[in-house]
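Thanks for sending this one over. Here are my notes, in the order I went through the contacts.

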Amino acid sequence: MDTTPRELSYAQAIQEAMAIAMEADERVFLMGEDIGVYGGAFQVTGDLVERFGTDRVMDTPISELGGAGVAVGAAVTGMRPIFEFQFSDFATLGMEQIVNQAAKMRYMLGGEVSVPVVMRFPAGSGTGAAAQHSQSLEAWLGHVPGLKVIQPATPYDAKGMLLAAVADPDPVMIFEHKLLYKMKGPVPEGHYTVPIGKADIRREGRDLTIVATSIMVHKALEAAAALEAEGIDIEVIDLRSIRPMDKQTIIDSVKKTSRLMCVYEAVKTLGIGAEVSAMIAESDAFDFLDAPIVRLGGAETPIPYNPDLEKATVPQVPGIIAAARDLAKGAR
Amino acid sequence: MAEASKAVADSRANLPFVYRQYSPEQLKEVLYKMYLIRRFEEGAEESYMRGLIHGTMHLSIGQEASAMGICMPLTDDDQITSTHRGHGHCIAKGAEVKRMFAEFFGKTSGYCKGRGGSMHIADVAKGNLGANGIVGGGIPIAVGAALSAKKMKTGKVVVSFFGDGANNEGAFHEALNMAAVWKLPVIFVCENNGYGMSTSTARSTAVKNIAERAAAYSMPGVIVNGNIFSEVAEASHKAVERARAGEGPTLIESKTYRHRGHSKSDRNRYRTKEEIEDWMSNRDPITLFENEMRDFGFIDDQGIQSIRDAVAKEIAEGIEFAKASESPDIRDILNYVYTEQA
């Protein structure tokens, strides 16, 4: 008997999660630009329209603000929409409905309504799409109370966290790195959830903690594997959820390793690395630190078109290795 | 009995729409609610002047017929989205003024438990999905609610109130387009009071009548005198019928006027005293409706006086209720940000 776990790509895992959610609950439906016969700009919805029809896999006009608002309105009145922004950059066009309406409606109305909307954002650089189709804006949304913001890094988590998001009564924003869509990994069949707000220790280690998000989790793991040969033992935490953030897992890890590095693709300043670093500085883990905290983030620039420049804009494995080696000096 | 009612019907045959459609009792209730809206806002304004409530407010005094007329054919199951100038819509949709006052006073007995204030009052049980502090913010949400109604086959109709200012927001255009493409049971009601804050529609809007914009989205665009209750109610009836029949959305432009400034910071420098005076003296919607009802024999002076007295009593009791209600506990500051889960 073949006991090898079934593998799906990250995109297939999301698609399967959406199909399971729609099978299980007739209130669930998909909205977005070109998600029907086209299958979505990144083929995440694929052929779902053939299975569920155009009423449940709804192509919208190119109207991000209006479309997001329609999803919010449907959510507060009993439906469970999953709204796909074609690129996370287009969140800028829908920001009003996300930030002023979806995030605040429950609060403003004194708890009289919930807004169970899921919004999906294909994010990140590496596709040669340049400055307006490559951004990582998750920290923008992570700054807004009322939203939950997640960044699954594996096919397994992509499926489980999407199913958790659909079941969640509050608005959940999912940032999916475009370069992960083709990555394969084990994905169980059927329904399961991965909790929102819980980080995952992808690799245990004693010398240094790397807190990474999304695609950077894989780069950090690659760096950790390379440094193992040098006797440097790195713990890699996949943050998975930036709001709410699993502070305790990070604190416990830093107490163990006494060294912290944050690796994320978004622009370095005022981002997730700042938040994690400040959180540790405020916590009782601060006294355990044996070296200054290091942040590796995106350069202070729009994402360039030229492939060499584009790569140089965001953290890459050699840079993580060098920085981690440096930070680990004197450990133990 | 049948003959008597036929005689009544005959005697009303030449009267405007609402006098044929509704009983005298129903119309008296409308007058009551128009006064209730007016006195609620006057009460809120006075409480603000006396320092009892803080923040700001946007008063709809002068626009009462518009709110009442539009909501007339709606049931409690039908839904509305409202605006920063939304007290009238809220009362017209069935809210209790005491809980509205309590919200103004920031109390836990308020509709939003003191978290929303004037600009976010909602009454979900009566179908009011909320006022909105963002111009045009509620329009796509109404379309979403209408999409739910269509998907769940509830038969509900959704009304989105907004002002002339919102008709230049992108959300207005995106929402109208989607509602038309998907033939949703939604009615867009533009209460055109002539000014988006200080900027007149003549200076801000390329079309003479906002209703003309309906043509761009292939839906009926209807202009009504928003200060004449019967005209507004008749247009709303037609639009609601069309929506319920699955024929799609309508844009109603209700031309009206706000007697007060935009908000409490307004010095009224963009319009003349004469203009304001003219609307207050000659085109006040409550006076117009009251006179009409009296002329048609639906009410007499004594009936009018008893309505005014009853409204005054409800307002006074509402303010007392608000004053006596409890303020939120500061320890509860994080409540309602997220849904409480077991």
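How many Å separate the centres of domain 1 of chain A and domain 2 of chain A, taken over C-alpha atoms?

1. The answer is 26 Å. Keep in mind that we're looking at a predicted model. The domain assignment of chain A puts domain 1 at 7–186 and domain 2 at 200–328.

2. On the contact between these two domains: domain 1 of chain A puts in 24 residues, and domain 2 of chain A also puts in 24. On the domain 1 side, α6 (138–142), β6 (148–150) and β7 (172–177) of chain A are the elements that give two or more residues. By class, that side holds eleven nonpolar, ten polar and three charged residues.

3. Now the chain contact. Chain A brings 32 residues and chain B brings 35. From chain A, α3 (64–76), α4 (91–102) and α5 (105–108) each supply at least two residues, and α3(A) gives the most, with nine. The chain A side counts 14 nonpolar, 14 polar and four charged residues.

4. The helix pair I'd look at is α3(A) with α8 (residues 170–181) of chain B: their axes are 8 Å apart and the packing angle is about 65°. Because of that angle, α3(A) is roughly perpendicular to α8(B). The crossing of α3(A) past α8(B) is right-handed.

5. Residues to display for that pair: A:L65, A:G66, A:G69 and A:V70 from α3(A), which meet B:G170, B:A171, B:E174, B:A175 and B:M178 from α8(B).

Terms used. Residues numbered from 1 in each chain as written. Chains lettered and ligands numbered in written order. Predicted model: local features only at pLDDT ≥ 70, side-chain atom pairs only at ≥ 80, totals over all residues. Domains from an automatic or database assignment. Contact = placed C-beta atoms within 7 Å. Helix = DSSP H or I, 4+ residues; strand = E, 2+ residues; numbered from the N terminus. Nonpolar A, V, L, I, M, F, W, Y, C, P; charged D, E, K, R; others polar. Axes fitted to C-alpha atoms, helices over the stretch in contact; angles between N-to-C directions. Parallel < 35°, antiparallel > 145°, perpendicular 65-115°, else oblique. Left-handed = near helix turned anticlockwise from the far one by under 90°.
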